[in-house]
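Here is a protein chain to look at for the first time. The questions below ask what lies behind the words used to describe it.

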Amino acid sequence: MTTQTAIFRIDGVTKSYGGVKALDSVTLEAGVNEYLSLLGPSGSGKTTLLRVIAGFEVPDSGRVFFQGRDITNLPAHERGIGFVFQNFALFPHLTVRQNIAFGMANGAVPVSAQETAQRTQAMIDMVGLTGMEDRGVDQISGGQRQRVALARTLVMQPKLVLLDEPLGALDANLRGRMRNELRAIRERMGVTFLHVTGSETEALAMGDSVVVLDRGRIIQRGAPDDVYSTPASPDVAHFLNRFNLFDGTLVDGKFTGAFGTVASPKATRAPRDVYAIRYDRLRVMPVSTAAKGPALKATYIANEYLGSSVMNFFEAADGKVVEVEHHLSLGAPETYEPRQDYLLTWAADQAIVFGREGK
Ligand code: ADP
Ligand code: MG
């Protein structure tokens with residue numbers, strides 16, 4: 001993507017607080033009308049990255065571009081970039097309508113009273129708050145407050161909206177519904193979203209593209225499917241929370257771990273030797289099965305229903321918990337006997353192997 005078609009671009013941005021490098025030479029851009037998810041553990045620099053783009057922080061080094069223009073030193077209120085804060089940050093003494101209209105009534109660019117009223121009402125309808133206009137923001141639910149926060153930002157007609165864990169404060173049920181709404185609203189408005197989340201499920205479900213941040217560095221960027229099926233490093237595989245990760249040693253193209261020694265000709269270069277197999281790629285066999293490929297004896301502990309799948313938990317001899325996921329779309333789940341031993345197997349070519357001798 002060239003800088004012309006990118007809506008924003010940050011180039012080699014570093015930002016430290018005291019001795020902590022919150023951002024370490026981060027380069028990132030997003031296209032017009034793109035939904036970018038930014039995934040990373042707590043403390044990885046996600047909020048700092050948004051604050052640099054929004055103009056609440058000035059980077060120590062590197063540049064920030066928006067719509068082709070260098071805005072590194074432009075004050076936040078002159079950038080025209082929307083920000084939805086983690087805790088919503090609504091004005092508690094104002095009504096829904098007043099919260100949404102606030103930016104137009106008090107912004108850098110004057111908007112007539114008539115246009116303010118018209119845009120506010122259109123946005124109230126767009127986010128589904130019709131009928132709630134005159135309530136105080138302490139008289140509506142968490143999900144509705146989330147919509148006010150979104151409406152208040154979108155009514156300013158930004159071309160780029162930064163969202164800092166916007167669904168983090170909602171309960172699981174509501175979070176699922178708001179995910180769909182966020183996507184739908186973004187598509188209707190045609191704006192670029194940079195959505196920060198600590199949830200791998202949210203990142204994979206929502207973004208056209210997923211960026212993984214770790215300790216102030218981007219460690220992978222790709223389509224959700226690609227990141228999910230080919231994590232670039234053991235750390236990404238770990239954050240995705242979809243892989244059993246086994247320690248072991250990769251020597252001469254063979255990985256040796258608790259499950260035996262397996263030919264691993266396509267290992268990816270990494271600073272440590274790790275064998276990753278997706279939760280839904282394991283098969284559970286009777287313990288007496290004579291397996292040809294990788295096989296791990298493990299004791300069944302318990303299961304957990306997750307809606308569209310069942311997660312089965314096993315414990316290997318070394319105490320490691322191994323997860324086996326059964327998608328309910330494939331049929332009813334098997335039942336296993338607690339404290340019984342089983343053999344967990346998988347096709348060797350389904351694994352992702354990392355190691356110091358990888359390519
Ligand atoms: P995230 O949003 O991914 O949880 P942050 O961007 O908030 O991460 O923080 C990244 C790192 O920078 C953390 O180590 C955090 O403690 C530190 N940090 C962030 N903001 C400040 C600040 N204002 N003062 C000092 N340290 C900060
Ligand atoms: Mg944060």
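Domain bounds, as used here, come from an automatic or database domain assignment. This is a predicted model, in which local features need pLDDT of at least 70 and side-chain atom pairs count only at pLDDT 80 or more, while totals for chains, interfaces and linings use all residues. Residues are numbered from 1 along each chain as its sequence is written, and chains are lettered from A and ligands numbered from 1 in the order in which they are written.

Q: Into which domains is the chain divided, and how far apart do the C-alpha centres of domain 1 and domain 2 lie?
A: The assignment gives domain 1 (6-229) and domain 2 (242-355), and their C-alpha centres are 38 Å apart.

Q: What makes the largest nonpolar core a core, and how many residues has it?
A: A nonpolar core is a set of buried Ala, Val, Leu, Ile, Met, Phe, Trp, Tyr and Cys residues joined through C-beta atoms within 7 Å, where buried means that 20 or more other C-beta atoms lie within 10 Å of the residue's own, with C-beta atoms placed from the backbone. The largest such set has 81 residues, and Ile53, Ala151, Leu160 and Leu162 have the most contacts inside it. Helix H4 (residues 142-154) gives the largest share, 5 residues.

Q: Why is this core said to lie between domain 1 and domain 2?
A: Both domain 1 (6-229) and domain 2 (242-355) give residues to this core, so it lies between them.

Q: Why are H2 and H3 called oblique to each other?
A: Axes are lines fitted to C-alpha atoms, for helices over the stretch in contact, and angles run from 0 to 180 degrees between N-to-C directions. The axes of H2 (residues 96-106) and H3 (residues 113-126) come within 10 Å and cross at roughly 135 degrees. Angles under 35 degrees count as roughly parallel, over 145 as roughly antiparallel, 65 to 115 as roughly perpendicular and the rest as oblique, and H2 and H3 are therefore oblique.

Q: What makes H2 and H4 roughly parallel to each other?
A: H2 and H4 pack at an angle of about 30 degrees, with their axes 7 Å apart, and they are therefore roughly parallel. The contact, which requires C-beta atoms placed from the backbone to lie within 7 Å, is made by Val96, Asn99, Ile100, Phe102 and Gly103 of H2 with Val148, Ala151 and Arg152 of H4.

How values were computed:
Buried ≥ 20, exposed ≤ 12 C-beta atoms within 10 Å, placed from the backbone. Helix = DSSP H or I, 4+ residues; strand = E, 2+ residues; numbered from the N terminus. Contact = placed C-beta atoms within 7 Å.
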